[in-house]
Amino acid sequence: MSKAMEKTAREPLFSKKNRRLLIDPMNENNPITVQVLGICSALAITVKMKPALVMGISVIVVMAAANVLTSLLRNLIPNRIRIIVQLVVVALMVILVDQVLKAFVYDVSKELSVFVGLIITNCIIMGRIEAFSLGNSPWKAFLDGVGNGVAYAGILLLVAFFRELLGNGTLFDYPIMAQLGVYDMGYTNNGMMLLPPMALIVVAIVIWIQRAKTPSLIEKD
Amino acid sequence: MDVNSNRYTYLFSIIMVVIVAVLLSVAATVLKPFQDANMVLEKKSNILASIGLVSENPDSLFNSVIVEQLVIRSGEVIESEVSAFDLDMANAVKVPSNKRSVPLFVATYQDNTYYILPLRGKGLWGPIWGFISLQSDANTIYGASFNHLKETPGLGAEISTAIFQDQFPGKIIFSDSYDGIEVRKGDARTNQQVDGISGGTITSVGVQYMLEDCLIPYKAYLLKQVAESTVETHIETLADSSNTNHE
């Protein structure tokens, strides 16, 4: 993936190039299904939709903010300690998000528990800072952060949708399967969907479908 | 300015660390009251949950249902600097049980009296805790809830599920031979035994020790309460029967 670093004097906010920054990660450059980053959290918190949604939003916020901040500082950061600076910036954002969650959505923060802290080690964030925002303007870095964050959250929600629906019979804790009355017809929840390996299998199916549909991702042998 | 000189690198890191430290401490200080309120609310709903009450607004329900919050030491109600609600069980259980100050919550709901006792003990990997509620005879369990910090999912962590907890209601905690509930390996028979969790032996045994350890400090006080209330009921029954006789 090559990101042009040229600076045009008056580029419209949503120029074609900028739109690509936002849209590329959704499909052809998806952080989870194409770059295969952030898999551990995709596995851990996709049992239910609600924690997956909160995790997704947290990652979008952290990634956008950290990208903008490092992009603003990009000409000031000493090269030798840049990884440490990136870590500090990400850790700062994550701790702030964690504190805010604890204060305002306590039950969700309990459910996410250590995984909020582990956003720090989410390779997507460090990867985007190192690869993109250290070399681009804040607005581009922001778009890139939001794009990757949304793409990550999207996959998380997609996986959580299947796991919660098939494993628990609910969506956002709403008993949809019971409402449809399928239990009376002899349907039972598949408890295996709630186990971690099924998250990877669902991700793998998503990757399969995506690769089959996207010609640019099909590898020639 | 050379951003890669040693001088600049040191300067940059010092300034960065100071700014980050200030930001984080400001955030922590500003958000602390909200976080504390959440924890208080959670504790209240846990206490209510032990007598089977779930509410969207635990605060008001707690105030109306919990009629007394006592601190007990050696079978007596004592005046304590720390209120029963704020008493930290993690510290309390470090004191030998005969010298320990423990909180007791008395609830009245639909004309029934319940005693709610907090529990705290050790599982396999970390602390386990919970609440146990007793019926008005102060001996029969009405409800039990357990929780844990990091027991193994699917094994020890099962203590926080209904399958394990639903065994407790109806069991008795004090008898002539034993105080507490025995957690057995699949052969629970008497009304002082429950089945443990397969593969979660150490956590199950932890629950048993926790119950033994945490219930003893209440024994003298609870037995006294029951004795008094039995006398009262007895007098009432006598009064009732004498009234009936007169009529």
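Among the elements of chain A, the lowest mean pLDDT, 76, belongs to helix α6 (residues 114-117), whereas α8(A) has the highest, at 90. Chain A as a whole has a mean pLDDT of 84, with 95% of its residues reaching 70 or more. Over residues 1-8 of chain A, however, pLDDT stays under 50, and for this stretch the model has five contacts beyond four places in sequence. Where pLDDT is low, the predicted coordinates should not be read in detail.

The largest nonpolar core comprises 48 residues, and those with the most contacts inside it are A:V62, A:A66, A:M93, A:I125, A:Y152, A:L156 and A:V159. Two or more residues are given to this core by each of α3 (49-72), α4, α7 (123-131), α8 (138-168) and α10 (196-213) of chain A. When neighbours within four places in sequence are left aside, A:L156 is found in contact with A:A42, A:T46, A:A52, A:M55 and A:G56.

The contact between the chains draws 16 residues from chain A and 17 residues from chain B. On the side of chain A that touches chain B, helix α4 (residues 82-104) of chain A gives the most, with 10 residues. Classified by residue type, this side of chain A has 12 nonpolar, two polar and two charged residues.

Note on methods: Residues are numbered from 1 along each chain as its sequence is written. Chains are lettered from A and ligands numbered from 1 in the order in which they are written. This is a predicted model: local features need pLDDT of at least 70, side-chain atom pairs count only at pLDDT 80 or more; totals for chains, interfaces and linings use all residues. Two residues are in contact if their C-beta atoms, placed from the backbone, lie within 7 Å. Helices (H or I, at least four residues) and strands (E, at least two) are DSSP runs, numbered from the N terminus. Ala, Val, Leu, Ile, Met, Phe, Trp, Tyr, Cys and Pro count as nonpolar, Asp, Glu, Lys and Arg as charged, and the others, Gly among them, as polar. A nonpolar core is a set of buried Ala, Val, Leu, Ile, Met, Phe, Trp, Tyr and Cys residues joined through C-beta atoms within 7 Å. A residue is buried if 20 or more other C-beta atoms lie within 10 Å of its own, exposed if 12 or fewer, and partly exposed in between; C-beta atoms are placed from the backbone. pLDDT is the predictor's confidence in each residue, from 0 to 100.
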